[in-house]
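Let's take a friendly walk through this model, a few residues at a time. Have the sequence and the 3D view side by side as you read.

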Amino acid sequence: MTPHQIAQLPILPRKIAETATTADFNSAKATIGAGPFKITRYLPGDRLILERYDGYWGAKPEWDRVTFRFISDDAARVAALLSGDVDVIDFVPPT
């Protein structure tokens, strides 16, 4: 657990909190929210796939689907960006 995660306090409906397992939370099966995207797939350490939620009350997002890939290796992350395999990266190495 990171210091950032310690500061997060999730609020859940009792119905979910009493019945969901750790595996349900890790797989995103027990995830709830009120945003413009819904989680459609979560593979820990690999990727998170979101799709537009048409029932969202606000403006519709520009994209139908967004994929977050988790690339831990600096060189592989930069190579993915330079090759056009990904559009954006974070933690850009200074080298």
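Trp57 is exposed because its relative accessibility is 72%, where exposed means over 50% relative accessible area, buried under 20%, and partly exposed in between (1.4 Å probe, protein chains only). Tyr56, at 19%, counts as buried. This is a predicted model, so local features need pLDDT of at least 70 and side-chain atom pairs count only at pLDDT 80 or more, while totals for chains, interfaces and linings use all residues. Residues are numbered from 1 along each chain as its sequence is written, and side-chain values use heavy atoms, with hydrogens and water left out.

Tyr56 and Trp57 also form a tilted aromatic pair, with 5.1 Å from centre to centre and 45° between the planes. Rings of Phe, Tyr and Trp (its six-membered ring) pair if their centres lie within 6.5 Å; planes under 30 degrees apart are stacked, over 60 edge-to-face, and the rest tilted.

Now look at Arg77, which sits in helix 4 (residues 74–82). Helices are DSSP runs of H or I with at least four residues, numbered from the N terminus. Arg77 is buried because its relative accessibility is 7%. Leaving aside residues up to four places away in sequence, Arg77 touches Ile71, Ser72, Ile89, Asp90 and Phe91, contact meaning heavy atoms within 4.5 Å.

Finally, find Thr19 in helix 2 (residues 14–19). With a relative accessible area of 58%, Thr19 is exposed. A polar atom of the Thr19 side chain lies 2.7 Å from the backbone oxygen of Lys15. From C-alpha to C-alpha, Thr19 and Ala30 are 9.4 Å apart in space and 11 residues apart in sequence.

Technical notes
Helix = DSSP H or I, 4+ residues; strand = E, 2+ residues; numbered from the N terminus. Polar contact = N/O pair within 3.5 Å; in protein donor to acceptor, adjacent residues only side chain to side chain.
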